[in-house]
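User: I am new to this structure and would like to learn how to read it. Please take me through it feature by feature.

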Amino acid sequence: MNVRCRIAFAALLAFASTAAPGVALAQSAIAAAVAKPVSLPDIAIGSANAPITITEYSSMSCPHCAAFGQNVFPMLRSKYIDTGKVRFVFREFPLDIKAAAASILARCIGNGDSEKYLKAVEMLFKLQDPLMAQTKETLIYVGGQHGMSEQDVKTCEEDQAQFDKLNADQQYAHREVKVTSTPTFFLNGVRLRGSMSFEELEERIKPLLKK
C-alpha cells in the first residue's frame with residue numbers, strides 16, 4: 001500500500017478542471033487559507049491561545065489516519081494539547097462516500113461538541129474494517145453506542161445540506177490549501193504530508209515552542 005491514502009472518489013469532489021497554478025501560494029497565504037472558517041464548524045480542542053495550531057485533514061476510510069488517531073493522537077493530546085501548548089483542529093477530507101457518511105454521523109453525534117465528535121471518530125477508526133465492509137450496519141451500531149436510534153441515524157444520513165457543506169469544504173481544501181491526500185497536517189500553516197510518528201511530529205513541535 002502507498003504511504004498515503006489517495007483520493008478515490010472523484011464524484012464526491014467534483015473538482016473543476018483547471019490548469020495547475022504556475023506559482024505556489026506563498027506560505028503566509030496558505031496559512032491564512034487554512035485558518036479561514038469553512039462551511040462546517042471546526043472541530044477544535046486545546047487552548048485558543050496555544051502557540052502552535054495543528055490542523056489535520058483526515059478521512060474515515062484512510063488506514064494511516066486511523067493509525068495516527070489511535071497511536072499518535074493520544075500522546076500528542078497528553079503532552080501538548082491538554083497542557084495548553086497545541087490547539088488541534090480536525091477537518092474532514094473524505095476519500096469516498098463511506099468516509100463521508102461516517103463524518104456526517106460523527107457530526108450528528110457531536111452536535112457541536114468537539115469532544116463528543118472526536119469520541120465518535122475514535123470509535124469509527126477502531127471499526128474501520130467493518131465500516132468499509134458493512135457501512136450501514138456499522139453506522140447504526142456506532143450511532144446506537146452514542147444514544148441514537150436507527151431512525152436517528154437514517155435521518156442524519158439523509159441531511160443533504162450537511163453533505164453539501166462537507167463537499168464544499170473539501171473542494172476548498174483541495175483548491176485553496178492544496179490538500180490531495182490524507183492525512184495532511186498543517187503545523188502553524190506549514191504543510192506536512194503523510195503519516196507521522198509521534199517522534200517525528202514532536203521534532204517539528206519543539207523548535208516552535210522555543211521561539
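User: Which residues lie nearest the centre of the largest cavity?

Analyst: First, the ground rules. This is a predicted model, where local features need pLDDT of at least 70 and side-chain atom pairs count only at pLDDT 80 or more, while totals for chains, interfaces and linings use all residues. Residues are numbered from 1 along each chain as its sequence is written, and side-chain values use heavy atoms, with hydrogens and water left out.
Now the general idea. Rolling a probe the size of a water molecule over the atoms shows where empty space is left. On a 1 Å grid over the protein atoms alone, a cavity is a set of points where a 1.4 Å probe fits but cannot get out; a pocket is an open set with protein on both sides within 12 Å along at least five of seven lines; lining residues have an atom within 4 Å of a point.
Here, 14 residues line the largest cavity, and Val38, Tyr57, Arg91, Glu92 and Asp169 lie nearest its centre. Its volume is about 110 Å³, taken as the space filled by probe spheres set on the points, with grid points joined across faces, edges and corners.

User: Which helix gives the most to the lining of the largest cavity?

Analyst: Helix α9 does, with 5 residues. Helices (H or I, at least four residues) and strands (E, at least two) are DSSP runs, numbered from the N terminus. Helix α9 spans 160-176, and β4 also supplies at least two residues to this lining. By class, the lining has 8 nonpolar, 1 polar and 5 charged residues. Ala, Val, Leu, Ile, Met, Phe, Trp, Tyr, Cys and Pro count as nonpolar, Asp, Glu, Lys and Arg as charged, and the others, Gly among them, as polar.

User: What lines the second largest pocket?

Analyst: It has 18 lining residues, with Gly69, Phe73, Leu118, Lys119 and Glu122 nearest its centre. The space in this pocket is about 310 Å³. β3, α3 (63-81), β4 (86-92) and α5 (114-126) each give at least two lining residues. The lining divides into 9 nonpolar, 3 polar and 6 charged residues.

User: How many residues does the largest nonpolar core have?

Analyst: In soluble globular proteins, nonpolar side chains tend to be buried together. A nonpolar core is a set of buried Ala, Val, Leu, Ile, Met, Phe, Trp, Tyr and Cys residues joined through side-chain atoms within 4.5 Å. Buried means under 20% relative accessible area, exposed over 50%, partly exposed in between (1.4 Å probe, protein chains only). The largest core here has 58 residues, and Leu76 is among those with the most contacts inside it. Beyond its neighbours within four places in sequence, Leu76 is in contact (heavy atoms within 4.5 Å) with residues including Ile54, Phe88 and Ile205.

User: Which residues of strand β6 are buried?

Analyst: Thr184 and Phe186 are buried on one side, Phe185 and Leu187 on the other. Two strands pair if DSSP finds at least two bridges between them. β6 has 4 bridges to β3, running antiparallel, and 4 to β7, also antiparallel. Phe186 partners Thr55 and stands opposite Arg191 in β7.

User: Where should I look for backbone exceptions?

Analyst: Most residues other than glycine have a negative phi, and most peptide bonds are trans. Thr182 and Pro183 are joined by a cis peptide bond, with omega about -5°. Lys178 has a positive phi of about 65° and sits in the loop between α9 and β5. Asn188 has a positive phi of about 50° and lies in the loop between β6 and β7. Asn188 counts as partly exposed because its relative accessible area is 35%.
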